[in-house]
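Okay, hi everyone, thanks for coming.

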Amino acid sequence: MTDAPLFSAVADGPEGGSAFWVTAADGVRLRLGLWTHPGAQGTVLLLPGRTEYVEKYGRAAGDLRARGFATLVIDWRGQGLADRPLDDRMSGHVGDFAEYQLDFDAMVGFARAQGLPEPYYLMAHSMGGCIGLRALLRDAPVQAAAFSAPMWGILIAAWMRPMAIALTTASRWFSFDDRYAPGTGAKTYVLTAPFTGNSLTSDAEMWDYMRQQALAHPELVLGGPSLGWLKAALSECHALTLLKSPDVPVITALGTQEKIIDVGPVHARMAIWPRGTLDLYTGAEHEVIMERAAARTRFFDQAAALFSSHR
């Protein structure tokens, strides 16, 4: 473990934030961002989505500190300042979602080695929700979890799904899985899409927060997924549908205007999660954690209440 850069000016997190390099079991270098404080009643392990990075959750760390929690955020392999496997740094790529579990294990190992305040809790957004569910099924050492628009299914039109499976499978066989998935490319979404009609947030201030980070530090951002990532994601989402929900208390936030993930598997899983609650946010887009102030307050209040009741 060594010190890593943390771009505090754009993160807009609490004072005293720090970042560290850690190494996963397979040698991949990752970055962790930490915001802690004396008297924290636990540590939230925050798992970002695809394309995201530590600084994007600086304000979330502030929301959690205000409610008594420390926050540890990860740059997944292939994202942020973590090692990226391809020469084209803008292509989000992974060969197998099992690799992300190595990243999660490194995160937990760091938390334990540094003696971060216990108990630990999980907060996961989008792709992080997929990784987080698998981690819970592997008995992650957390007392409760809060999901935001978890990627438990990939949003693909039904008629296109067989084609996507065939294409991504062929890309693995014939070694072109490093190419971008159809309809995507090297540019990052928040710098190419207008605010009006965007699929991430209805809050102009949070949209600008994300844009300013991307403009100030282009080394953090990511473009579209590779065919290899898409293949791995489809395989993992399907595998998860075959498994029962873990016996962990959970709340899941989902915007009614969600356009990024497939909401069907979210509704299906939450309907039968023994200690799970699905909370729908009227008018919210994909990023409930970065929605309008009322939605953000509601999400963090409910997560904090859940966490505090499971110490």
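I'll go through some strands, then a pair of helices, and then one glutamate. Keep in mind that this is a predicted model.

So, starting with the strands. Strand E1, residues 2-3, pairs with strand E2, residues 18-23, in the antiparallel sense, over two bridges. If you look for Asp 3, its bridge partner in E2 is Phe 20. E2 also pairs with strand E3, residues 29-35, again antiparallel, and here we have six bridges. Thr 23 has Arg 29 as its bridge partner in E3. The E2 and E3 hairpin has five residues between the strands, and Gly 27 there takes a positive phi near 90°.

Okay, helices. Have a look at H3, residues 98-113, and H4, residues 127-137: their axes come within 10 Å and cross at roughly 75°. Anything from 65 to 115 degrees counts as roughly perpendicular, so that is what we call H3 and H4. Who makes the contact? On the H3 side you've got Tyr 100, Gln 101 and Phe 104, and on the H4 side Met 127, Ile 131, Arg 134 and Ala 135. By class, that's five nonpolar residues, one polar and one charged.

Last stop, Glu 285. You'll find Glu 285 in the loop between strand E9 (276-281) and helix H10 (293-308). Is Glu 285 buried or exposed? Well, its relative accessible area is 10%, so Glu 285 counts as buried. What does its side chain do in there? The Glu 285 side chain makes a polar contact with the side chain of Lys 259, at 2.9 Å. Leaving aside neighbours within four places in sequence, the residues in contact with Glu 285 include Asn 198, Thr 201, Gln 257 and Glu 291.

Note on methods: Residues are numbered from 1 along each chain as its sequence is written. This is a predicted model: local features need pLDDT of at least 70, side-chain atom pairs count only at pLDDT 80 or more; totals for chains, interfaces and linings use all residues. Side-chain values use heavy atoms; hydrogens and water are left out. Axes are lines fitted to C-alpha atoms, for helices over the stretch in contact, and angles run from 0 to 180 degrees between N-to-C directions. Helices (H or I, at least four residues) and strands (E, at least two) are DSSP runs, numbered from the N terminus. Angles under 35 degrees count as roughly parallel, over 145 as roughly antiparallel, 65 to 115 as roughly perpendicular and the rest as oblique. Contact means heavy atoms within 4.5 Å. Ala, Val, Leu, Ile, Met, Phe, Trp, Tyr, Cys and Pro count as nonpolar, Asp, Glu, Lys and Arg as charged, and the others, Gly among them, as polar. Buried means under 20% relative accessible area, exposed over 50%, partly exposed in between (1.4 Å probe, protein chains only). A polar contact is a pair of N or O atoms within 3.5 Å; within protein, one must be able to donate a hydrogen and the other to accept it, and residues adjacent in sequence count only if both atoms are side-chain atoms. Two strands pair if DSSP finds at least two bridges between them.
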